[in-house]
Amino acid sequence: GAPAPLLTNASPRNCSLITFLSSMLFLTSMSGLVVAQLRAQHCKDNLMTYMLAVATFALFEAFFFFKIALMKNGSDTQWVVKMFSVCATSIAQFFLCAWGMSTLTSSTPFGGIMQPETMIVYTDLNQCHVDADLYNQHIASGEIKGDRLVCVLEGVCWAEAPDLYTCTLVVSITFSVVLAHSMYTIYAVFIPHCVRQMNDLKNIK
């Protein structure tokens, strides 16, 4: 009999855009790591590990979706494998992003103040572990009156390594954009189109 008709790629443009965004995410993450190293900023939270993980994942994703973007046609078996692969990729991407957001939140002054071991009340601003400008801008508490001051102890990344925290924040925002577009491409375009074509193929048979 005649060979089974090939199914077309539903979203080559979206896959190309994911490739581009993932490449930008890789460059952003690597730049953040370089800045943190050059400024010798480190803290107890896994911000460096997170950025390294994002860079590694972004490089893999850029290559993975680049290959899909180049694939114009394929058999139903090939597209089923691709569907399972992109689903697994999106799940890993979601959990990595969620872990990063959680780590980033725990590194903020709010994350620190909510933990009693990272907060102490002083009567002299000079005793704070953070500088006066940082205190005046971000750490002042409306509940503390008079000359009593609240200072975040060493160990809160936002205070200890501000450049590292800022770079991680930029990476997280970029990662969220890539995640949103990837989810849309996979679950609103790619998979529905593949399933539609497979159903049409069954009806022809």
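Trainee: What does Phe20 count as, going by its relative accessibility?

Mentor: Phe20 counts as partly exposed, at 47% relative accessibility. The cut-offs are under 20% for buried, over 50% for exposed and partly exposed in between, with a 1.4 Å probe and protein chains only. Keep in mind that this is a predicted model, in which local features need pLDDT of at least 70 and side-chain atom pairs count only at pLDDT 80 or more, while totals for chains, interfaces and linings use all residues. Residues are numbered from 1 along each chain as its sequence is written, and side-chain values use heavy atoms, with hydrogens and water left out.

Trainee: Where is Phe20, then?

Mentor: Phe20 is in helix H1. Helices are DSSP runs of H or I with at least four residues, numbered from the N terminus. From Phe20 to Phe66 is 46 residues in sequence and 8.8 Å in space, C-alpha to C-alpha.

Trainee: How far apart are the ends of H1?

Mentor: The end C-alpha atoms of H1 are 39 Å apart, which agrees with the 39 Å that its 27 residues should span at 1.5 Å a residue. The expected span is 1.5 Å times one less than the number of residues. After H1 comes Ala40, with a positive phi near 50°.

Trainee: Which residues of H1 are buried?

Mentor: Among them are Cys15, Ile18, Leu21, Ser22, Leu25 and Ser29. An α-helix has 3.6 residues a turn, so residues three or four places apart point the same way.

Trainee: What is Val54 in contact with, neighbours within four places aside?

Mentor: Leu25, Ser29, Leu96, Val171 and Phe175 are in contact with Val54, meaning heavy atoms within 4.5 Å.

Trainee: New topic. How many aromatic pairs are there?

Mentor: The count comes to 6. Rings of Phe, Tyr and Trp (its six-membered ring) pair if their centres lie within 6.5 Å; planes under 30 degrees apart are stacked, over 60 edge-to-face, the rest tilted. Trp79 and Phe190 make an edge-to-face pair, 5.7 Å centre to centre with 65° between the planes. That pair joins helix H3, which holds Trp79, to helix H7, which holds Phe190, 111 residues apart.

Trainee: Are those two buried or exposed?

Mentor: Trp79 and Phe190 are both buried. Phe94 and Phe95 also pair edge-to-face, because their ring centres are 5.6 Å apart and their planes are at 80°. There, Phe94 is partly exposed at 42%, and Phe95 is exposed at 55%.

Trainee: How many disulfides does the whole structure have?

Mentor: The search finds 0; a disulfide needs two cysteine sulfur atoms within 2.5 Å. The closest cysteine sulfur to that of Cys194 is in Cys15, at 9.4 Å, too far for a bond. Cys194 is buried at 0% relative accessibility.

Trainee: Last one: what does the side chain of Gln197 reach?

Mentor: Gln197 reaches the backbone oxygen of Thr8 at 2.9 Å. Gln197 lies in helix H7 and is buried, with a relative accessible area of 15%.

Note on methods:
Helices (H or I, at least four residues) and strands (E, at least two) are DSSP runs, numbered from the N terminus. A polar contact is a pair of N or O atoms within 3.5 Å; within protein, one must be able to donate a hydrogen and the other to accept it, and residues adjacent in sequence count only if both atoms are side-chain atoms.
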